[in-house]
Amino acid sequence: MTTGTNIFTQAQRDLLTAACNRIIPAQDKFPGAGDLGAAQFVEQVAAGNIVLRRSFGEGLAHLDIAGSRRGSDGFASLSPQAQDETLREIEAENSGFFRELVRQCYNFYYTNPAVFDLIGYVMPEPQDYQPLPFDETLLEPVKQRGQMWRPV
């Protein structure tokens, strides 16, 4: 049984890295999503949600099997075109997993500080906002009204 955020095997992480590199491939000065660390991000997200954990476990197994049908060494050893064909197959057969994989890959990539630097985006500085102290007298009408719900 796995604990913490380490829920995938190294083989699953490698498979996820290769898949993320096809979803957002390296281009010019931009690295591929997998090379940037998307697999670790996806693993952290899946570790915190039992439904995603199961979906990714089953989806990665399906991706591994589909990749093995195209090449004996699996998905990562396939040509980029064969990897794309395999991902299209997974999208058609397991759309829920594929949609979540793309979503998490994009979430990771487009919020990554390295990508921000490459596109020239500068995070805005936090505002120096000081909230006003809470005035508890505003709660008096609510307190006077009493309980308005039924105990269950």
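1. A nonpolar core is taken here as a set of buried Ala, Val, Leu, Ile, Met, Phe, Trp, Tyr and Cys residues joined through side-chain atoms within 4.5 Å, where buried means under 20% relative accessible area, exposed over 50%, and partly exposed in between (1.4 Å probe, protein chains only). The model is predicted, with local features requiring pLDDT of at least 70 and side-chain atom pairs pLDDT 80 or more, while totals for chains, interfaces and linings use all residues. Residues are numbered from 1 along each chain as its sequence is written, and side-chain values use heavy atoms, without hydrogens or water.

2. The largest nonpolar core has 32 residues, and F8, L16, F56, F75 and L101 have the most contacts inside it. Two or more residues come from each of α1 (10-23), α3 (38-47), α4 (50-70), α5 (80-93) and α6 (95-109), the helices being DSSP runs (H or I, at least four residues) numbered from the N terminus.

3. Leaving aside residues up to four places away in sequence, L16 touches F8, A39, V42, L60 and L101, a contact being heavy atoms within 4.5 Å.

4. There are five aromatic pairs, defined by rings of Phe, Tyr and Trp (its six-membered ring) with centres within 6.5 Å, and called stacked under 30 degrees between planes, edge-to-face over 60 and tilted for the rest. F56 and F97 pair edge-to-face, at 5.5 Å centre to centre and 80° between the planes; F56 lies in helix α4 and F97 in helix α6, 41 residues apart, and both are buried.

5. F116 and Y121 also pair edge-to-face, at 4.9 Å and 65°; F116 is buried at 17% relative accessible area, whereas Y121 is partly exposed at 40%.
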